[in-house]
Amino acid sequence: MTLPGLALFYGGMVRKKNVLGTMMHSLSAAAVVTIVWVVIGYSLAFGNGVSEGLAPYIGGFDRILLSGVAVDQLWTDAAGTAYTIPETLFMVFQMTFAIITVAIMAGSFAERMKFSAFLTFVALWVVVVYAPIAHWVWHAKGWLFGAGALDFAGGTVVHINSGIAGLVAAYVIGRRVGLGREPMAPHNLVLTVVGAGLLWVGWFGFNAGSNLEATGTAALAMINTMLATCAATVSWTLVEWLIKGKPSM
């Protein structure tokens, strides 16, 4: 989904001179977040090495550098629920959410941040913001999990999280240089459509995979993913037709 889906999606919407830099946001997010996740991010999100008072808010350091994560060890959450997938697979699956959250956020300040600043920001943000929120929602002892949160594919952890972070970052960085004086039309919306298609297909894996096993619930998540997207597409087309007299596509 991130490579090449989101890279194409955002790359097609920027000016030609910035397409490579924008696509590099997705590529570098995959590289940097993977390292941070393995070193400490996974442990802070899904570890169990803290006191009971802190357990609803943060994991621990017992999984740093994947300590205690054996290759053939099945994933069992903090509530004692056992699954048929190894913890290594669960760790990688959760890592993909962390990667794409950063990549989604990058679209809000495309063309406006130095690459070195982006890399530093990404590494810190995953540790300070993403990992704790993932713990709140997806860890069996997290306070939002305990409140009954059901978050398939990261509606809270990924989308709300990246949206707020991107909004704040865009506000702090400010407007693009030349905004209102220079043409800033998307250079190739065909790439954006291709990227959107890859994201759509990839989201089946995120939504159904969030069930962590192949059951009717996983199948229902796939159905809802397809149906909701198609309904949104048709609805938007109808709205355009009513407002403009014809759809844009």
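The side chain of Ser43 reaches the backbone nitrogen of Asp62 at 3.4 Å, a polar contact being a pair of N or O atoms within 3.5 Å in which, within protein, one atom must be able to donate a hydrogen and the other to accept it, and residues adjacent in sequence count only if both atoms are side-chain atoms. The model is predicted: local features need pLDDT of at least 70, side-chain atom pairs count only at pLDDT 80 or more, and totals for chains, interfaces and linings use all residues. Residues are numbered from 1 along each chain as its sequence is written, and side-chain values use heavy atoms, with hydrogens and water left out.

Ser43 belongs to helix 2 (residues 19-46); helices (H or I, at least four residues) and strands (E, at least two) are DSSP runs numbered from the N terminus. With a relative accessible area of 0%, Ser43 is buried, a term for values under 20%, whereas exposed means over 50% and partly exposed lies in between (1.4 Å probe, protein chains only). Residues up to four places away in sequence aside, Ser43 touches Gly59, Gly60, Phe61, Asp62, Arg63 and Ile64, contact meaning heavy atoms within 4.5 Å.

Helix 3 (residues 87-106) contains Ile99, which counts as buried at 9% relative accessibility. Apart from neighbours within four places in sequence, Ile99 is in contact with Thr2, Ala29, Ala30, Val33 and Thr34.

The largest nonpolar core has 49 residues; such a core is a set of buried Ala, Val, Leu, Ile, Met, Phe, Trp, Tyr and Cys residues joined through side-chain atoms within 4.5 Å. Helix 3 gives the most to this core, with 13 residues. Trp138 is among the residues with the most contacts inside the core. Neighbours within four places left aside, the contacts of Trp138 include Phe46, Phe97, Tyr130 and Val157.

Helix 7 (residues 189-209) has 21 residues, which should span 30 Å at 1.5 Å a residue, and its end C-alpha atoms are 30 Å apart, in agreement; the expected span is 1.5 Å times one less than the number of residues. A kink of about 25 degrees is centred on Gly202 in helix 7, the bend at a residue being the angle between axes fitted to the seven residues ending there and the seven starting there. At the start of helix 7, a side-chain oxygen of Asn188 comes to within 3.1 Å of the backbone nitrogen of Val190. The buried residues of helix 7, including Leu199 and Trp203, pack against helix 1 (2-11), helix 3, helix 6 (155-173) and helix 8 (216-244).
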